[in-house]
Amino acid sequence: MRVAVLIPCRNEEAAIASVVAGFRAALPQADIYVYDNCSTDRTRERAASAGAAVRSELRVGKGNVVCRMFADVDADVYVLVDGDGTYDASSAAGMVEMLWRDGLDMVTGVRVSASRAADRAAYRPGHRLGNHLLSGLVSRAFSVQCADVLSGYRVFSRRFVKSFATRVTGFEVETALTVHALELQMPVAEMETPYGTRPQGSASKLRTGPDGVRILVAIVRLLLEVRPFYLMGMASMVFAGVSVVLAYPVLATYVETGLVPRLPTAVLSASLMVLAFLGIATGLILEMLTRGRREAKRLHYLLFPAPGLDAADSCSKD
């Protein structure tokens, strides 16, 4: 089993050496790759001195780095982790074992703090609230339970990595990873892992407001790509509900007097109902197109063997 640890980072000289050392101790046989994303400090030097293979991605954005790592590195199991020192390296062995033993395609490290004080220090309230809301939205859309959609600590199979293709460029890539697994109905699991604070001198690149909006927009766009009828159907229900509310007093007046004194309201109500039907029709058309793309993605995904499949067993079955 070839294991590759993938660490995207930018300006993490304060933490990267300890991160590399931690994963070297947790996974002694793994190949550790640090992909530098236009750092202006000594991140590259610190990573190289710690024993990691250092490479570069010149397009700024975590999504760009992840796509580059997935394209370049060849392994059986991939461990993706941020280079900020907040994730627990000792959990990696258990996550890799779970993926390989159970034949999974993704294991997500669910962030858990040792205490409330540590949770407040490591997890800003805005980040915690946003993660809860976005995780709930994705869970509801796919009828599954996702505890931590925005976790940057994950373990993947080869067939997950080599079938993953996305256009996202920033921190919304974590959501894209989750949606990719759920869209193709991959076997996935979650494992709780300790989450700590950044070391002194390290600053977060995540901006709560702007990046939260970007992630929300990315979720809507991803749902439009993979669950168009669900998204368009929800919008159509809203339009239809508002239309019925506006139409009720107009119809009541018409029944009593035979007149339509609120003509603008009647026109608005009718227009909203037309939009609702158009939304449903559009959703059905997009859903049929999406099924074709989904089947093509799954066929590519199935080209690779499942993790943990023993070659001897495979030959004996033949």
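**Briefing: salt bridges, a helix face and a surface patch**

Arginine 2 and aspartate 74 join their side chains in a salt bridge, with N and O 3.3 Å apart. Arginine 2 sits in the segment before β1 and aspartate 74 in the loop between α3 (62–72) and β4, so this pair ties together parts 72 residues apart in sequence. The model is predicted. The protein chain has 318 residues, with 12 helices and seven strands.

**Salt bridges**

- The structure holds 13 salt bridges.
- Aspartate 74 also meets arginine 158 in a salt bridge, at 2.1 Å from N to O. This pair links distant parts of the chain: aspartate 74 is in the loop between α3 and β4, while arginine 158 is in helix α7 (residues 158–161), 84 residues apart.
- Arginine 2 is partly exposed, at 41% relative accessible area. Aspartate 74 is partly exposed as well, at 42%.
- Another salt bridge pairs arginine 101 with aspartate 102, whose closest N and O atoms are 3.1 Å apart. Arginine 101 is exposed, with a relative accessible area of 53%. Aspartate 102 is partly exposed, with 42%.
- Arg2, Asp74, Asp76 and Arg158 belong to one network, joined by salt bridges that share partners.

**The buried side of helix α1**

- Helix α1 spans residues 16–26, and its buried residues are Ile16, Val19, Val20 and Phe23. They cover an arc of only 95° around the axis, which puts them on the same side of α1.
- The spacing has a plain reason: an α-helix has 3.6 residues a turn, so residues three or four places apart point the same way.
- Several elements cover these buried residues of α1, including β1 (3–9), β2 (31–36), α2 (43–49), β4 (77–80) and α4 (92–102).

**A nonpolar patch on the surface**

- Val238, Phe239, Val242, Val274, Leu275 and Leu278 form a nonpolar surface patch, with about 500 Å² of accessible area together. Helices α10 (228–257) and α11 (263–301) each give two or more residues to this patch.
- Valine 238 lies in helix α10. Its relative accessibility is 52%, so valine 238 counts as exposed.

**The chain as a whole**

- Buried residues make up 42% of the chain.
- The accessible surface comes to about 16,200 Å², and 61% of that belongs to carbon and sulfur atoms.
- Among contacts with a separation of 6 or more, 76% are between residues 24 or more positions apart.

Note on methods. Residues are numbered from 1 along each chain as its sequence is written. This is a predicted model: local features need pLDDT of at least 70, side-chain atom pairs count only at pLDDT 80 or more; totals for chains, interfaces and linings use all residues. Side-chain values use heavy atoms; hydrogens and water are left out. Patches are made of residues with over 30% relative accessible area and no salt bridge: like charges are joined within 9 Å, nonpolar side chains (Val, Leu, Ile, Met, Phe, Trp, Tyr) within 5 Å. Accessible areas come from the Shrake-Rupley method with a 1.4 Å probe; for residues, only the protein chains shown count as cover. A salt bridge is a side-chain nitrogen of Lys or Arg within 4 Å of a carboxyl oxygen of Asp or Glu. Helices (H or I, at least four residues) and strands (E, at least two) are DSSP runs, numbered from the N terminus. Buried means under 20% relative accessible area, exposed over 50%, partly exposed in between (1.4 Å probe, protein chains only). Contact means heavy atoms within 4.5 Å. The arc is that of the directions from the helix axis to the C-beta atoms.
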